[in-house]
Protein chains: 2
Amino acid sequence: MTDIDILVSEVGPRDGLQSIDAILPTAVKNAWIKAQAAAGFREIEVGSFVPPSVLPQMADTADVVRAALELPGLDVAVLVPNLRGAQDAIESGAHKISIPFSVSETHSLKNVRRNHEQMFAEVSKISELVAQQPQPPHFEAGLSTAFGCTIEGPVSEDLVVASAERLMQCGVAEVGLSDTTGYANPAQVTRLVRKVQAAVGKENINGVHLHNTRGLGLANVLAAIEEGITTVDSSLGGIGGCPFAPGASGNIVTEDLVFMLEAMGLRTGIDIDKLLAVRNILSTALPDEPLYGFIPDAGVPKGFQEQ
Amino acid sequence: MTDIDILVSEVGPRDGLQSIDAILPTAVKNAWIKAQAAAGFREIEVGSFVPPSVLPQMADTADVVRAALELPGLDVAVLVPNLRGAQDAIESGAHKISIPFSVSETHSLKNVRRNHEQMFAEVSKISELVAQQPQPPHFEAGLSTAFGCTIEGPVSEDLVVASAERLMQCGVAEVGLSDTTGYANPAQVTRLVRKVQAAVGKENINGVHLHNTRGLGLANVLAAIEEGITTVDSSLGGIGGCPFAPGASGNIVTEDLVFMLEAMGLRTGIDIDKLLAVRNILSTALPDEPLYGFIPDAGVPKGFQEQ
């Protein structure tokens, strides 16, 4: 990352599409990912290895990974809920594998039907499998519901920190903080990033996955990058959220995020005009899905220049 | 301000209504202002003293001020474009008078038909008039288009600073920074607040008026309050903007702003439930006007408590 300051990690093909009933054809997914890579994206989460019975929208993830691996300079990321998914992910050749760990145990039981100890055991098994690979993928854990849970309410910050430490002990390469429910506020982001950095080391927490459910998405990003976070997830058109967290919706809009970062003088490597053009692929394929964002409507300021 | 940390200054009755064609009846304006004061607001910009031929929506400002002056603990603010307006404002008994000064001279000519030297002369005359009053109102100048102009494009930061210094010399009690066009980004807010603080003294710049045209409104607020800004303008339902800046729209939504601040542990003195109820007054009176905001739809997080 010498030529960019912040890595914007596009999660639309996974986080966005999994919350939409319509199943996007594989060819459209591939065209989307290809166009966004061509706009300068270095990392895209292209799908998740979950049973097709749970999320039929993700049934073609192996095919999508295969196509994405052909794109030069792109890190191909996938999400897995368990060891079985990780086996598929490794077989697919994906560069990065993420597993969500719900700090709210209630949410964990509801989301993946596992309590914390079961999740730690699962993560350890995946770490072992990853370590056995000749070319091990990057394996990270996302601390979901880290900022609060729609079922439990407030989530203990001590528990977030303890979970991060335990996940590192279970062998993940990195942990991230996820505002699954859109509950986070900037002061909390600052505090929690600092606490987790202090616990696991700054180099072992690089990314945040924040939502815009309550309109604070970009303010929360600002708080995170001020603490040294360098990877920020977002979704084209803001599609998606977590379908298992009732009332939660609204990812951060990639277009607005890239604009904010570039306007601040932070290099993303992304061409905003090319990025905005990618929306056409989605709006054509999913005419009934609303696409969000301010920059697509307002345009960039007069005289605006990318870094 | 010993019992609150941030003063949220509601500008909807002025900035919001002036960009809406419909003319809100005086009684509805009064009910709105009364309800919002009862929700804990300490300052409301209730109107502007401009010729009714230009903004008929503001023709009843003197009556609205009179009613608002009855509300205990409320600072009644008004906007004036010139000396004539300031005379009316003083006569009305308003506590605070603001004059916008467009750092973009092109915008100034278009907005109030005066160049910079003419504006400085006007501000000086108003300052003299204010000083002659037995109970002088608080007179401040807002540096509009400080973050860029839809006509000129980028605006020189040196010119913003020089304008702030000159306005202080012309006798204003305070200057503020206004992102009239929605061009600001957080890095620019940080930089410009610091520069103006250094030039005129921290105590002479307390407020910012930021827009949400490009979705960065709350991120920009965060940047401002991190630099010690203690007064933030916003508009109920996000209505309004500047009707003279083409393409600019979208004030910061008061409801979302108050939520962010309270969630961060910053006291506003405002009751969010009472604030949300005020929306009914507007939506009933202006059924065709869209009201914006995330918190009204998403609700506050489970277990959320105000400070």
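Student: How many residues does the contact take from chain A and from chain B?
Tutor: The contact takes 32 residues from chain A and 32 residues from chain B, where contact means heavy atoms within 4.5 Å. Before we go on: this is a predicted model, in which local features need pLDDT of at least 70 and side-chain atom pairs count only at pLDDT 80 or more, while totals for chains, interfaces and linings use all residues. Residues are numbered from 1 along each chain as its sequence is written, chains are lettered from A and ligands numbered from 1 in the order in which they are written, and side-chain values use heavy atoms, with hydrogens and water left out.

Student: OK. What area is buried between chain A and chain B?
Tutor: About 2,500 Å², and carbon and sulfur atoms give 68% of that. Buried area here is the accessible area (1.4 Å probe) that two parts lose on being put together, summed over both.

Student: Which residues in chain A lose the most area to chain B?
Tutor: Those are A:Arg214, A:Phe294 and A:Lys302, which together make up 25% of what that side buries.

Student: Why do the copies meet through the same surface?
Tutor: Because 100% of the interface residues of chain A are also interface residues in chain B.

Student: And by what turn can chain A be laid on chain B?
Tutor: By a turn of 180 degrees, with a shift of 0.0 Å along the axis and an RMSD of 0.0 Å. The two copies are thus related as by a two-fold rotation axis. The superposition is by least squares on the C-alpha atoms of residues with pLDDT of at least 70 in both.

Student: Which residue of chain A comes closest to that axis?
Tutor: A:Ala219, with its C-alpha at 1.9 Å.

Student: What about helix H9 of chain B, is it enclosed or open?
Tutor: Helix H9 (residues 217-226) of chain B has 9 of its 10 residues buried, so it is largely enclosed by the rest of the structure. Buried means under 20% relative accessible area, exposed over 50%, partly exposed in between (1.4 Å probe, protein chains only). Among the buried ones are B:Leu218, B:Ala219 and B:Val221. Just after H9(B), B:Gly228 takes a positive phi of about 100 degrees.

Student: New topic: what do the strands of chain A close into?
Tutor: A barrel of 8 strands, in the order S1-S2-S3-S4-S5-S6-S7-S8, with parallel pairing. Neighbouring strands of this sheet are turned by 30 degrees against each other on average, direction ignored. Helices (H or I, at least four residues) and strands (E, at least two) are DSSP runs, numbered from the N terminus, and two strands pair if DSSP finds at least two bridges between them.

Student: Over how many bridges do S2 and S3 of chain A pair?
Tutor: Strand S2 (residues 43-48) and strand S3 (residues 75-79) of chain A pair over 5 bridges. There, A:Gly47 stands opposite A:Val78 in S3(A).

Student: And where is A:Ser92?
Tutor: In helix H4 of chain A. A:Ser92 is buried, with a relative accessible area of 15%. Leaving aside its neighbours within four places in sequence, A:Ser92 is in contact with A:Phe49, A:Val65 and A:Leu69.

Technical notes
Axes are lines fitted to C-alpha atoms, for helices over the stretch in contact, and angles run from 0 to 180 degrees between N-to-C directions.
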